[in-house]
Amino acid sequence: MSKAPEKPPIPEAGRNSSAAPERREGGPSAVGPKKSSPDRKAVPAEPLNSKKNLKAGPGFNSKSAPAAKSSTTAQASKAGPETAEYKKTTGMPAAGSEKFSSAKATAAQPADNLLAKKDQARKDQVKKNPPKKELPKESAGGQEAENTVEPQNLLDLSDLKDSPDRRDNPEDPQSKADKKDKKAKKAMKAGAVVKTEPVPKAGTADEAVVAAVKPWTHPQAWVPLELAFYLFLAPFFFWPLAVGALVLQIYSQDLQGVPVDSLKNYNLPTVTYIMAADNTPMAEIYNEHRLVLTLDQMPPVVIEAFLAAEDSSFYQHQGVDLFGIIRAALANFRARQTVQGASTITQQMIRTFLLTNERTYDRKLKEMILAWRAERILTKDEILYLYLNRIYLGRGAYGVESAARLYFNKTLRDVTLGEAAMLAGLAQAPGRLQAHLGTEQSIDRQRYVLNRMLTVGFITQEQARSALNTPLKFLARKPNLYRQVAPQFAEVVRLQMSDHLGADTVLNEGLRIYSTLDLKAQAQAEAAVRQGLDNLAKRQRMSPLVRRLTKREAIDYMRRARASLANRALLVNQEPAGLVTKIETGEEPGLWISIGDETGFLPAKSLDWILGRRKIGDVFQLNDLVMVRALGQDPRNGVWSLGPAPPPEIQGALVLMENKTGRVLAMVGGRDFGLDGIGNSDFNRAVLALRQPGSSFKPFVYTAALDHGYTEASVVYDVPISYPDGPGKIWRPKNYGGGHSGAMTIFDAIKRSVNVVAVKVCESIGPPTVAEYAHRMGITSQLSPTLSLALGASEVTLLDLTKAYTTFPNLGSWAWPTFISRVEDRWGRTIMDFKPYLTEAISPQTAYIMVDMLQAVASRGTAARVAGALKVPVGGKTGTTNSQADALFVGFTPEYTCGVWVGRETRVSLGGGEQGGRTAAPIFIDFMKEFLADRETGTFQMPPGVVRQRLGGGYDDMGEYTSASFVFKVGEVGRGREDTKLGDEYEAIEGPMDARAQAQDEIDRRLFDYLADY
């Protein structure tokens, strides 16, 4: 007795392979009825193919294969021991039992099954025309008589009955069945009633079970020719399958380490936003411009467009679409080129996350294996979520939300059907299609997607026609928020956060960085700097003409300008260099300017300070390169209104800080940040540029002096002086204007910015002491400990200078500049919180005395217009370097400190008469007047330990007698005598000041002795 086969596993529901039972080579099916899965209807076993199982004998009609199978199955069902053992092993119920009938009813097709009908028809035919009796085997002539069977669709089983190996083998079940059949016939002749078992119908699951009892029972299956034929064909099927299985096994093992399961909790890289102080987004920073949305946040029309275009059977397949692969292969074969792809959405997702885009069979096979694995780890919605947020759609857009913003300047929830179809069409070849937006090529892709949506049933024909006939409005260039609002400020924030968290975290983790920038103050600062530079250009009659280009140079420039503006639009108030393409001399004369692909008009009336009485054609020529400022664009024709801009080397910078917190509220780092070409620069001059501060460094000299015996009333002689400066060299410090004023207090010296007095005071206390005080107050750059330090010869940054000045209104402590208030992660959790930090540097008394002296500078000194214009308590100091190459003013109110710098990139003169009070201070006035207009301003608070005294006056430069009010530290020696009464009740000393007779302390006497000897 042969061993019954083991019970095969039930194939997984929904598989293509589940439609056919597992087969043994060359034999009939060896499985029973397929059990239905919980979510699918029961599928009957595939009818057996008699051509694979039986060799047709004499009189066999090939068209009657189903009937032959039924007959054979009926015989096999009578086999006793082996059949019972098989049913016991496989768990099948016995034939004829209630369970068997139930199982048969479950597995069988309905009554109208075609095979069942044919089987019943054959039975009816047999009843009407019963088969004739067999003729004897031997007839006259000794030859065998022909076996005649009327129904040709029934198989003659006489050859099986006469088979000696079955007839003589008592153990053979077929032999036992034959004996049982003979006994039944004898009983019927005797009139006995014989109970017969039902014959299974051909093609049913019962036949599959019973026929599988003992394969290879047909004696003709072992015919040598047939066996040879099978052996001949076997390699053509076996070896490819074996090699394929081996390759899959090898690749599966190689891909074991690929972290497909990491996609389950994968955080997609997304845009990090820098927010202004009012929580308005002011900049985006990213490696990939991606805005992540959940599927619930995506409109159905977008999801359906991508499904229809890329993978309409996404929710049916298991990661790999075999029918899609065959269909694409046939289409590509017919077209003799790649016209269709067969990658499912799952495969595309796997490729973008875990593989490369190389077009090789190796990558394709890995992609299929990993896609099949991903379908068992992720849900369909999770795969679709990753795909729609990861896919690249051109223009630097990753994901559907980013594409909607960069192509249509709208959020994804606002896109129309036509726009959704266009976005889905870009997925095929984004790099190529983005260059043809609005052309027939892109419209063809949109039409294809709409047709697919119509075919799948997502939309109606009316919707498709309406979407196709609605024109799409694309952005001319993708917007760049990073370049539009305070780009220098945003870059400082990005660099600081990269130092704290790492560049990758900042660019990929979707942070929300809340900055300290005041957008209104920033706009006011930029306007003030522009106006100040324009005024400088007009005063010095600086032409916007950069240079004249040859024809070839003009072509090269246009090519560079187009490339520069290809991915970012020209913005209002940008100051690029434009090419003169036409000179208008009619009623409205002016210059037609080309800036890349943009065209603008520069009217001649805006150049009257250059032209004078000359015509515009006498000053400018074709192919001239001219600095212009973009003022606005006419929406009707796209022409830009232009104004003249200063030469590219003229630059300015501004920093505004809040004294008590150090919060940087506004910062201008230079002109026209971020547009390539002549006159454009990304360099931040407020933070990075090291320039000489000039006289704006003197407050650090006098701060050190106040702590080393000097007072506001200390007298120093302003007379010519010289110092050795190397072998054979002499340095003679000079005042601005070249004159000298003789004896004066340091109060007057700082108010009038006298250079000689500052150098003498620095010499008396020592340059290293001055450098140490400057560093203590926040200056970080290296300072040279020489006498020229007193005049600002050592270079500093404007940010350092501004934060050091906060020491004065803060009464001794300077504020660390703060650009960031807090940082949140993508889930809104605060991960960093920046608190104000003050560093104590000097005593409150010393700081207040400096405030008093610097207020005099802003009201009666070199910046006398500042206090009168602002009408608030304000102090500050101007600064001008040699040859007027740099002009500065740093001023402060009780709440804010602002630094301004103007200079040339080439470090040459700004022009005659351009110094801090004339060039930089007006920018400070214009800005602070606007900034303080809606803010309350306090007063400078006098700390304990200081007292104000009015001393005997003297004659001023106009010959008029004046009295002076000075602030002293409590306990300090007044002019000529000890203080015996301090405070408001202190009586002022009347009478003219005699510097020699009323020397107040040893410092003054030592200085006077030195001057007398000199």
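Visitor: What should I know before we start?
Guide: This is a predicted model, where local features need pLDDT of at least 70, side-chain atom pairs count only at pLDDT 80 or more, and totals for chains, interfaces and linings use all residues. Residues are numbered from 1 along each chain as its sequence is written, and side-chain values use heavy atoms, with hydrogens and water left out.

Visitor: How many helices and strands does the protein chain have?
Guide: The protein chain has 36 helices and 26 strands. These are DSSP runs numbered from the N terminus: helices are H or I with at least four residues, strands are E with at least two.

Visitor: And how much of the protein chain is buried?
Guide: Of its 1014 residues, 48% count as buried, meaning under 20% relative accessible area with a 1.4 Å probe, protein chains only.

Visitor: Okay, sheets. What's the strand order in the open sheet of 5 strands?
Guide: The order is β2-β1-β5-β19-β20, with mixed pairing. Two strands pair if DSSP finds at least two bridges between them. β2 (281–285) and β20 (830–833) are the edge strands, each pairing on one side only.

Visitor: How do β1 and β2 pair, parallel or antiparallel?
Guide: Antiparallel, over 4 bridges. Tyr273 has Glu284 in β2 as its bridge partner. In the hairpin of these two strands, 5 residues lie between them, and Asn279 takes a positive phi near 70°.

Visitor: Which way do β1 and β5 run?
Guide: β1 (residues 272–275) and β5 (residues 512–515) run parallel, joined by 3 bridges. Met275 stands opposite Tyr514 in β5.

Visitor: Switching to helices: why is α28 called largely enclosed?
Guide: Because 9 of the 9 residues of α28 are buried, the rest of the structure largely encloses it. Among them are Lys698, Phe700 and Val701.

Visitor: At what angle do α28 and α33 cross?
Guide: The axes of α28 (residues 698–706) and α33 (residues 844–860) cross at roughly 135° and come within 10 Å. That makes α28 oblique to α33. Angles under 35 degrees count as roughly parallel, over 145 as roughly antiparallel, 65 to 115 as roughly perpendicular and the rest as oblique.

Visitor: Which residues meet there?
Guide: Pro699, Tyr702, Thr703 and Leu706 in α28 meet Thr846, Ile849, Met850, Met853 and Leu854 in α33. That contact divides into 7 nonpolar, 2 polar and no charged residues; contact means heavy atoms within 4.5 Å.

Definitions and conventions. Axes fitted to C-alpha atoms, helices over the stretch in contact; angles between N-to-C directions. Nonpolar A, V, L, I, M, F, W, Y, C, P; charged D, E, K, R; others polar. Buried < 20%, exposed > 50% of the residue type's maximum accessible area, 1.4 Å probe, protein only.
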